[in-house]
Amino acid sequence: MEKKEERVSKRSKKTNEKPVVLVADDEPSIRELVQTVLSQQSLEVVTASDGEEALKVSEAQVVDCALVDIRMPKVDGLAVLEQLVLKNIPVIVITAYGTSDVTIEAMRRGAYDFITKPFDIDDLAEKVRKALDYSKTTEVLPIKGSKETSSLMVGMSAAMQEVYKLIGRVASTDVTVLITGESGTGKELVSRAIHYNSPRNKGPFVVVNCAAIPEDLLESELFGYEKGAFTGADERKIGKFELANHGTILLDEIGDMSPMLQAKILRVLQEHVIERIGGTRSIPVDVRVLAATNKDLQSLVKSGSFREDLYFRLNVVQIQLPPLRERKEDIPLLADHFIKKYAAETGKEVTGVTPEVMAALMAYDYPGNVRELENIIARAVALCSGKVLTLDVLPPQVVEQKPALRPLKEVLLEAERRAFRQAVAVAGLDPQAVADLLQVDLDYAKKRLKEWFSSVGSN
C-alpha cells in the first residue's frame, strides 16, 4: 500500500501547487460542470471518462481527492473506489442511483462521502473541501468484509442518505450501535442492514423486543436457564445471546429494560460472557450487540432509571432515524414501494395514485411514521376497485388534512431555481444549452445563471 507519508513527500517536491481533484464520470456535461465549479475554488481538476482512465490518471500523478461515478464503462466505479482507497485517496461517490444498497456498499468499501445527481454545486464544493482537509490529517483505509445485498430501506432524501452512510461505515466493524428514532421509523430495518452488510452476515440475526416480553420472562429469554432452575424448568433452555453466537443481536426498546437486567447486559458487553439462570459457569459468547429505542436515554439516565455506564457502552455510534414528517420527499417513493408490495400480495392491478391522493399523503404528518404510511397504503389497496388509489379509499384523518399554503411567488421561485439546478447538472454552465433544455429566452437564462451560478457560494 502506498503510505500517506509517500504521497505527502511527492506533493512537497512541487512548490505552490494546487490540490488535485480527479473527476471520473462518463457524462461530459458532469465533468465540465464539476471542473468549472472546483476550478473557482483554486483547485486543479483532472478528468477521466471511464474507470480504466481514472486508474491510469491516479497512477500517473498525485491525486488528493476523487469524485467517482458508480456506473462507468470498462471498470465500474466501485472497483475504482477500492483501488483509490488503497492509495489513501478520499473518494466522493457520485451517482444517479442513491438507493440504500448503493450508498451502503460504497461507504462499506471505504468511500469518504456520497452525492446524488442532480447535485447542489454548493454541497459538492463543501464535500470536496472537507475531503481535502480530511486527507491531510487522516489515513483513509478500506472497509473490508463480506456483504449480502438486501434492499431493506426506501428513501433518497438527504436525511436517509446520511443514515445509509453511517450504516456503510459501521457495518464491517464490531462496534456497538445505538439506533434511535420515533416508533415506526424503521429501526429494526437499520439493524438488519448493518448485520447483512457485515462479516457476520452468515451468522444468526436475533431480535429481542424488551418491551413486549414481561420482565419476569425477559431474563430467561435473553440468557436461558438450566433444567430445574425453577418450577416448570423441565429441560435446559438456550437463551437469545447463545442463539446469536457468531452473529448479531438487536435489543429493541432497550429503554424499557429493568435496572437488574441492565446490569447483566453491561456484563455481557464488558466480559463477553453470560450465565444461564440456575447455572454455575460463565459461557463465552461472540455476539455483536445493537440496541434500539424510541425513548430519550439521556433523560432516563438523568432520572436514574437507566444506567449511565450502560448508556455509554451502547452509544459507541448512534444512528438517529428522522421521522417521516421531516423527509416528506421520500413519500412518493415509499408509497410506490408499498403499492407494488400489496398489489402483488392481493393480486390487484393497482399501479399508482391520483394527484389528489398524493397531495393528501404529502400533507399528512404521520405520527406513526413509515409504519403508518404502510398501513394506509395496505388498507387503500385492499379497498381499491380500480388501477389507481383515490381519495375514497384513504382513512379520514388523511383526507381531512389541509395542506399549508405558501406565497405563490415563493413557490414559483423555488421551482424555477430547482429546474435551473437540474438543467446545469445535465448541460453544465452553457447558457444556450440551459435555455434550450428549459425552453426559456437565452438572455433570461444568462441572467439566472449569472445570479445563481456565477460562483460557488454566491447563490
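Guide: Among contacts in the protein between residues at least 6 apart in sequence, 71% join residues at least 24 apart, where contact means heavy atoms within 4.5 Å. This is a predicted model, in which local features need pLDDT of at least 70 and side-chain atom pairs count only at pLDDT 80 or more, while totals for chains, interfaces and linings use all residues. Residues are numbered from 1 along each chain as its sequence is written, and side-chain values use heavy atoms, with hydrogens and water left out.

Visitor: What makes a residue count as buried, and what percentage of the protein is buried?

Guide: Buried means under 20% relative accessible area, exposed over 50%, and partly exposed in between, with a 1.4 Å probe and protein chains only. By that criterion, buried residues make up 48% of the 459 residues. In helix 9 (residues 215-223), the buried residues are Leu-218, Glu-219, Ser-220, Leu-222 and Phe-223. After helix 9 comes Gly-224, with a positive phi near 75 degrees.

Visitor: How do you know how many helices and strands there are?

Guide: They are DSSP runs numbered from the N terminus: helices are H or I with at least four residues, and strands are E with at least two. On this basis the protein has 20 helices and 16 strands.

Visitor: What makes strand 3 and strand 4 a pair?

Guide: Two strands pair if DSSP finds at least two bridges between them. Val-68 has Val-93 in strand 4 as its bridge partner.

Visitor: What makes one space a cavity and another a pocket?

Guide: On a 1 Å grid over the protein atoms alone, a cavity is a set of points where a 1.4 Å probe fits but cannot get out; a pocket is an open set with protein on both sides within 12 Å along at least five of seven lines. Lining residues have an atom within 4 Å of a point. Grid points are joined across faces, edges and corners, and a volume is the space filled by probe spheres set on the points. The count is one cavity of 30 Å³ or more. Helix 18 (residues 408-427) gives the most to the lining of the largest cavity, with three residues.

Visitor: What is the volume of the largest pocket, and which residues are the closest to its centre?

Guide: The largest pocket has a volume of about 730 Å³. Of its 20 lining residues, Thr-116, Pro-118, Phe-119, Asp-120 and Ala-158 are the closest to the centre.
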